[in-house]
Amino acid sequence: MISTLLALVAALSVNAPTVTAADDVPVGRVTVDVVTANGSGCPAGTTEVTVADDNSEFTIAHRSYVARVGVGADPTDFRKNCQLSLDVRVPSGFTFGIVRADYTGRISLAAGAQAWQGANYYFQGDSDTDRRVHAFNGPLRDDWATTDTTNPGQVVYAPCDAHRLLNINTALRVSAGTSNPQVTSSWISMDSPDRNPNSRYRFIWKRC
């Protein structure tokens, strides 16, 4: 089984948080700020984060995140990635994990071409985790959507006794496969020129 922050069981400190009721979420302000954004999929100034008013989730909008091969593509365009370090600030007495991640975008694959979308999630100081990967096969021209989820009892939470950055690493990759890149173009995108979010991360809360 592929393990991610969404699917790992972590040993917490002796002051382990207690599970809250489903409707027991912090009422104070939750903020999520980008500390660093590195990678060809998120050039400086092209990533925006928004927290839901009810503290249920945060969303990310990228404005320049497209992997492509074939006519008009540069040799390095076949893979794009984004490594985000996020400063998540929550009200006192609570800690959080990520129970679900949703991704959306657009795709155009010639017959024989393939594409992949992947992501992994971990807190600062933890070991990097295995990547959750979703594959697409051409011919295909449509919107796409993927979801990574876990049982709430298996979510890894930020430690109550230390502030840690949340790291989210995503990637898009496309291969010409058996298609002819001299006469065809294939691509997969996770960008929002209109600034609508294309990544959505659902919080789960515990009391410390």
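1. Among contacts in the protein between residues at least 6 apart in sequence, 81% join residues at least 24 apart. The coordinates discussed here are those of a predicted model, and the points below should be read with that in mind. As for secondary structure, the protein has zero helices and 13 strands, so that, read along the sequence, the pattern is β-β-β-β-β-β-β-β-β-β-β-β-β.

2. On burial and surface, 48% of the 208 residues in the protein are buried. The accessible surface comes to about 10200 Å², and carbon and sulfur atoms account for 47% of that area.

3. The structure holds two disulfides, and when the bonded cysteines are numbered in sequence order the pairing reads 1-2, 3-4. A disulfide is a covalent bond between the sulfur atoms of two cysteines. The two pairs are taken separately in the next points.

4. In the disulfide formed by cysteine 42 and cysteine 82, the sulfur atoms are 2.3 Å apart. The torsion about this S-S bond is about 100 degrees, and the disulfide is therefore right-handed. Cysteine 42 sits in the loop between strand S2 (31–38) and strand S3 (47–51), while cysteine 82 belongs to strand S6 (residues 79–89), so the bond ties together parts of the chain that are 40 residues apart in sequence.

5. Cysteine 160 and cysteine 208 form a disulfide in which the sulfur atoms are 2.1 Å apart. Here the torsion about the S-S bond is about -85 degrees, so this disulfide is left-handed. The pair links distant parts of the chain, with cysteine 160 in the loop between strand S10 (140–149) and strand S11 (166–175) and cysteine 208 in the segment after strand S13 (199–207), 48 residues apart. Cysteine 160 has a relative accessibility of 30% and counts as partly exposed, and cysteine 208, with a relative accessible area of 47%, is also partly exposed.

6. Turning to charged side chains, the count comes to eight salt bridges. Side chains of opposite charge can pair when their charged atoms come close. One of the salt bridges joins glutamate 48 and arginine 63, whose closest N and O atoms are 3.0 Å apart. Because glutamate 48 lies in strand S3 and arginine 63 in the loop between strand S4 (57–62) and strand S5 (66–70), this pair ties together parts that are 15 residues apart in sequence. Glutamate 48 is partly exposed at 29% relative accessibility, and arginine 63 is partly exposed with a relative accessible area of 24%.

7. Another salt bridge is made by the side chains of arginine 89 and aspartate 87, with an N to O distance of 3.0 Å.

8. Elsewhere, salt bridges that share partners join Glu57, Arg200 and Arg202 into one network.

9. Leaving aside neighbours within four places in sequence, histidine 62 is in contact with Gly41, Cys42, Thr46, Thr47, Cys82, Leu84, Met190, Asp191, Ser192, Asn198 and Ser199.

Conventions. Residues numbered from 1 in each chain as written. Predicted model: local features only at pLDDT ≥ 70, side-chain atom pairs only at ≥ 80, totals over all residues. Heavy atoms only, no water. Helix = DSSP H or I, 4+ residues; strand = E, 2+ residues; numbered from the N terminus. Buried < 20%, exposed > 50% of the residue type's maximum accessible area, 1.4 Å probe, protein only. Contact = heavy atoms within 4.5 Å. Areas by Shrake-Rupley, 256 points an atom, 1.4 Å probe, with all protein chains shown as cover. Disulfide = S-S within 2.5 Å. Salt bridge = Lys/Arg side-chain N within 4 Å of Asp/Glu carboxyl O.
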